[in-house]
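Biologist: I would like to learn how to read side-chain contacts in a protein model. Could you take me through them one kind at a time?

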Amino acid sequence: MTETPEIIKPKGVITPKEAKALDAAFNSRHQLISDSIVKRPDNRSSWYSLDDMRNYLDYAENQAKALGYTMDGVRIYLGAHANEGDQVGYTTMFLIPTGTKNLEEGSSMPLPAFKASSDISEGDGLNDGGNGEPPSANYPQ
């Protein structure tokens, strides 16, 4: 008989009501970016498939190990695609692995009480999530 893995609710889970409040609080920033910078409704979201997310986490963790890090998470950054002609690029969100550098064997450095997690800047990020439909769509779509 196969045992079902335990499902753990992650820290930071929010309700749909809280998601709507966060989305609404962004409206004035989105309007400013759309009106002043991109001169059209800008992108508000990025969509990634479950396969891409799971594959990326496995890939990034493996790459982090090869680079001498212990990966402990991802950081999500806002970015913008390059301008094309007279069109300003849409806002995007991209993921970067985070972690701590492993101490080398035989190191005489004492272990710090807390090793801060930082971006693994040598590691590959993940971008190319799909835009909203339309790009300016609010939550929920």
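This is a predicted model: local features need pLDDT of at least 70, side-chain atom pairs count only at pLDDT 80 or more; totals for chains, interfaces and linings use all residues.

Biologist: How many salt bridges does the structure hold?

Modeller: A salt bridge needs a Lys or Arg side-chain nitrogen within 4 Å of an Asp or Glu carboxyl oxygen. The structure holds 2 of them. One joins R44 to D23, with the closest N and O atoms 3.0 Å apart. R44 lies in the loop between α1 and α2, while D23 is in helix α1, 21 residues apart.

Biologist: Are R44 and D23 buried or exposed?

Modeller: Buried means under 20% relative accessible area. R44 has 12%, so R44 counts as buried. D23 is buried too, at 15%.

Biologist: Which residue forms a salt bridge with D119?

Modeller: That is R75, and the closest N and O atoms are 2.2 Å apart. The pair links strand β3, which holds D119, to strand β1, which holds R75, across 44 residues. D119 is partly exposed at 24% relative accessibility, and R75 is partly exposed at 33%.

Biologist: Why is the pair of Y77 and F94 called stacked?

Modeller: Ring planes under 30 degrees apart count as stacked. The planes of Y77 and F94 are at 20°, so this pair is stacked, with the ring centres 5.5 Å apart. Y77 belongs to strand β1 and F94 to strand β2. A search of the whole structure finds 1 aromatic pair.

Biologist: Where does the charged end of R40 sit?

Modeller: The charged end of R40 sits over the ring of Y90, 4.1 Å from the ring's centre.

Key:
Residues are numbered from 1 along each chain as its sequence is written. Side-chain values use heavy atoms; hydrogens and water are left out. Helices (H or I, at least four residues) and strands (E, at least two) are DSSP runs, numbered from the N terminus. Buried means under 20% relative accessible area, exposed over 50%, partly exposed in between (1.4 Å probe, protein chains only). Rings of Phe, Tyr and Trp (its six-membered ring) pair if their centres lie within 6.5 Å; planes under 30 degrees apart count as stacked, over 60 as edge-to-face and the rest as tilted. A charge sits over a ring if NZ of Lys or CZ of Arg is within 6 Å of the ring centre and within 35 degrees of the ring normal.
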